[in-house]
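I opened my notebook to look up a few things about a protein and its ligand. Here is what I wrote down, one entry at a time.

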Amino acid sequence: MSKLGSSDNPLKVAIVGAGPSGFYAADALINSDLKVEVNLIEKLCAPYGLVRTGVAPDHPLIKKSIEKFAVMAEPEEFNYFGNVSVGKDITVDELKETHHAVIITMGAETDRKLGIPGEDLKGSHTATEFVAWYNGHPEYREREFDLSHETAVIIGQGNVAADVARILSKTVDELKCTDISQHALDVLETSKVKNIYVVGRRGPAQGAMTSKELKEFGELQECDTFVDPSEAILNKSSEDELADRKGRAAKKIYELFSGYAEPKSPHKARSFPWTRPYVKPKKCHIQFLRSPVELKGNKKLETVVFEKNALSGEPFKQSARGTGELEELKAGLLFRSIGYRGVALEGVPFHDAWGVIPNDKGRVTEDNENNIVVPQLYTAGWIKRGPSGIIGTNKACANETIEELMKDIEKLNDKKQKLGNKKIHEILASNKVRYINFIEWEVIDKHEVDNGKPKGKPREKFTYTDEMLALLT
Ligand code: NAP
């Protein structure tokens, strides 16, 4: 058989998941020296993963990366199969049978659990489902969020928590020209939420938000942001962290948190333009050193019980320990924003405790201990390394995987002929799956953009798969 990657024998790769890492992996393969065929398979009709269904609507610049990914879809080596659920419509084994390699880039679809009593009470939600709902993800379209409560609590202080807090704090006027889905805007318009608590288990020197997101809390039209000055006081280890070069980003974050503290705080940055008095109708309270230990209520959430924490441990290794002191907060709405989590895919090893596919630089391994490589299987993105980093982080991650794949090229040169996309068409047709190609996606995309124009929005997303398919002949 001719050399793998030659015109007679192109390297055929299936990629599962059309988020940023899927596109970056496809792009790296297409731009390699080899002749390739790349088949990108996506569960939804729409590509772009969390750039479309995760990035906050009021962050349009981040969403602009979609344009870059659309260009990556132009080469003839690139094939798109949207509306195809791997594991249901086609199996991983079938993809292995028909391709030299399969790369799993399906991100982290679910969320971590707090593991406390009452977590599943009505009114207690994950941030991931709220984010997917306001971003028009078809699987979350029918979720209901009761915003008739005055107090909402967000657990966690990462950028997703910041996004959720902003969406709850902003006025309809601040959101109506974004690509937020209309159904969400309609519900937000009736919102009675006016007290938002963003609660972290550790202190202001350990916040997981980035400075841009934190600054935005000071730019809200109708919402003032507070930090209790007593909570802006640092312990010795935290002071050491901020004094260290490694703590430079954390220092900036800490200064921003301190800027939201009362004037009597010794750390208050006087130059902040949003200084007192607090007059806006909504209040966002950023609180530290608290962990929820129970959610109480009769069938639905009524009270969040927190335990106050103290930090212990060496600088940069401090963890939160409960002090035994409890505190209650009346609230009917809560979002757990403590990180995304990957889900297992049949036919692919999975490390359940970490929520990732075990791998060695992107080569899938049987488990995390022995590094025994599973032939033909690779991974990239959040399902490879866990849910952290910005969109661009996935480029380096995908490139690393493709470099390893290229080193395996001899081993991947199977004696059997790989039929690639021809066989995918056949399998999907026999399973009666209405899959879409990229040109069809572009038709849907154009309709969305056109539908947004009269409203001054970049697009009005279709939120039901049937609506999208109905546009195609
Ligand atoms: P994250 O950054 O990992 O933050 C998770 C937060 O949850 C942290 O504050 C963490 O506290 C807390 N937490 C974890 N387990 C907890 C528990 N059992 N009890 C209480 N608190 C707990 O996760 P994320 O906000 O989901 O974001 C995921 C990634 O996407 C991040 O890399 C983020 O920067 C990125 N992202 C970026 C943007 C943007 O660029 N605008 C927007 C959204 C997301 P500890 O620090 O104590 O663990």
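What is the mean pLDDT of the protein chain? I found a mean of 94, and 96% of the residues reach 70 or more; pLDDT is the predictor's confidence in each residue, from 0 to 100.

I noted the ground rules: this is a predicted model, where local features need pLDDT of at least 70, side-chain atom pairs count only at pLDDT 80 or more, and totals for chains, interfaces and linings use all residues. Residues are numbered from 1 along each chain as its sequence is written, and side-chain values use heavy atoms, with hydrogens and water left out.

Next I checked residues 264-275, where pLDDT stays under 50. Where pLDDT is low, the predicted coordinates should not be read in detail.

Then I turned to the ligand. I found 23 residues around the ligand (a heavy atom within 4 Å), and Gln157, Arg201, Arg202, Glu213 and Gly389 come nearest. By type, the shell has 10 nonpolar, 9 polar and 4 charged residues, with Gly counted as polar.

Which polar side-chain atom lies 2.6 Å from a nitrogen atom of the ligand? I traced that atom to Glu213; a polar contact is a pair of N or O atoms within 3.5 Å. I also saw a backbone N or O atom of Gly389 at 2.7 Å from a ligand oxygen, and a polar backbone atom of Val160 at 3.1 Å from an oxygen of the ligand. Taken alone, the ligand exposes 920 Å², and the protein buries 79% of that (Shrake-Rupley method, 1.4 Å probe).

Last, I looked at domains, whose bounds come from an automatic or database assignment. Domain 1 (11-109 + 342-435) and domain 2 (112-336) each give at least three residues to the shell around the ligand.

How values were computed: Contact means heavy atoms within 4.5 Å. A polar contact is a pair of N or O atoms within 3.5 Å; within protein, one must be able to donate a hydrogen and the other to accept it, and residues adjacent in sequence count only if both atoms are side-chain atoms.
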